[in-house]
Amino acid sequence: MTTPRPLAAVPTPPARRTRWTDAELMREEFPPPKWAVPGLLAEGLNLLAGAPKLGKSWFSLGTGAAIANGDPVLGSIEVERGPVLYCALEDTGRRLQRRRRQMLAAGGRAAPLLTLETACPTMTNGGDAVLVEWLEENPHARLVIIDTFEKMRGTDAAGASAYSADYAAAGRFKQLADHYSVPFLLIHHVRKQSAEDWQNLVSGTAGITGAVDATLVLERGRGQADGVLHVTGRDVEEADYAMSFDATAGAWTKLDGPAADHLVGDTRADILRLLREHGPLKPARIAEALGANPGSIRQTCKRMGDAGQLARTVDGTYSAPGGSGDSSTTPAPSHLSPLSLRAADQHEQE
């Protein structure tokens with residue numbers, strides 16, 4: 001049986017200073033941000049949005065239980081052990097019990113430091129006091145999860161614009177997260193309409209994403225992955241991660257390698273694998289190596305180049321992104337997994 005990891009102290013934050021001269025600011029030594037999940041969830045207000053029934057609640061419950069035990073999150077990310085509050089406001093005790101029993105039956109561990117709450121007033125009707133009470137009782141707190149934001153946001157000020165109302169509603173949670181230096185995770189929904197920029201998938205106005213410190217969007221994947229987790233924020237590197245869901249264990253796992261490798265069809269995956277192993281090639285050589293139709297490979301390479309899945313030169317040579325043949329400027333990869341690229345048009349089948 002695994003020995004529980006000891007609790008790591010959460011240092012008491014100093015009085016928050018808000019004004020410096022430029023010289024004072026340059027001399028100031030700020031502590032690094034505290035992480036619930038290194039590289040994904042930092043102190044401050046985080047938002048996770050996804051479609052209904054996609055698995056956001058499994059993601060939340062699994063992340064909370066893992067942090068409460070000091071177990072790796074998403075199967076691979078090491079975390080500090082500490083108390084977690086999970087407000088599952090769209091669930092019942094029976095449903096939560098069934099999910100936890102499913103996790104335990106698949107090899108999970110009981111999580112004594114995980115507090116589960118199924119009913120809480122809205123933030124404008126006393127919910128903030130409930131959160132403060134738990135935070136005061138748990139000075140080593142590592143994460144507070146609100147599932148869902150809409151169930152606890154509260155009423156809007158009369159006459160406020162939609163943007164102002166959304167910004168103020170998220171700001172109520174951010175005020176607590178900043179005061180206690182504890183990561184908060186709001187679970188939210190995405191709009192039904194598709195969007196070119198994944199941040200525009202978040203339901204509501206830009207007031208919500210403008211108020212939070214980090215935005216995460218979980219989309220259903222294609223090909224070999226069950227989902228892709230888009231991440232951007234003030235303290236996190238922007239990246240996409242391919243995700244796999246085990247329905248038996250109720251567990252999400254972050255897959256290794258670029259998300260594009262897990263989201264493309266078989267032909268595209270074969271091309272990417274070949275170019276990663278052998279370097280830049282022209283379509284005719286790719287077709288020869290794969291034993292495929294040259295015309296089909298030529299069209300597939302062109303589409304992959306248009307989608308950013310392959311880098312190409314003026315002479316028609318293709319290479320895997322980030323390889324020796326890629327002369328484009330690519331941001332530094334996240335330390336969690338290599339930077340992924342946008343998947344191909346979801347309507348295209350290879």
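So, how many disulfides does a search of the whole structure find? Keep that in mind for a second. One thing before we go on: what you see here is a predicted model.

Okay, the answer is zero. For anyone new to this, a disulfide is a covalent bond between the sulfur atoms of two cysteines. Take cysteine 87: its nearest cysteine sulfur belongs to cysteine 120, and that sulfur is 5.2 Å away. Cysteine 120 is in no disulfide either, with the sulfur of cysteine 87 as its nearest.

Are these two cysteines buried or exposed? Cysteine 87 is buried, at a relative accessible area of 1%. Cysteine 120 counts as buried too, at 14%.

Now, the inside. The largest nonpolar core has 38 residues. Among those with the most contacts inside it are Val37, Leu40, Ile67 and Leu229. Which helix gives this core its largest share? That's helix α2, residues 56-69, which puts in seven residues.

Last stop, the surface. Leu25, Met26 and Phe30 make a nonpolar patch of about 320 Å². Leucine 25 sits in helix α1, which covers residues 22-27, and leucine 25 is partly exposed, with a relative accessible area of 33%. Patch residues need over 30%, so leucine 25 passes that cut-off.

That's my tour, thanks!

Note on methods:
Residues are numbered from 1 along each chain as its sequence is written. This is a predicted model: local features need pLDDT of at least 70, side-chain atom pairs count only at pLDDT 80 or more; totals for chains, interfaces and linings use all residues. Side-chain values use heavy atoms; hydrogens and water are left out. A nonpolar core is a set of buried Ala, Val, Leu, Ile, Met, Phe, Trp, Tyr and Cys residues joined through side-chain atoms within 4.5 Å. Buried means under 20% relative accessible area, exposed over 50%, partly exposed in between (1.4 Å probe, protein chains only). Helices (H or I, at least four residues) and strands (E, at least two) are DSSP runs, numbered from the N terminus. Patches are made of residues with over 30% relative accessible area and no salt bridge: like charges are joined within 9 Å, nonpolar side chains (Val, Leu, Ile, Met, Phe, Trp, Tyr) within 5 Å. Accessible areas come from the Shrake-Rupley method with a 1.4 Å probe; for residues, only the protein chains shown count as cover. A salt bridge is a side-chain nitrogen of Lys or Arg within 4 Å of a carboxyl oxygen of Asp or Glu. A disulfide is a pair of cysteine sulfur atoms within 2.5 Å.
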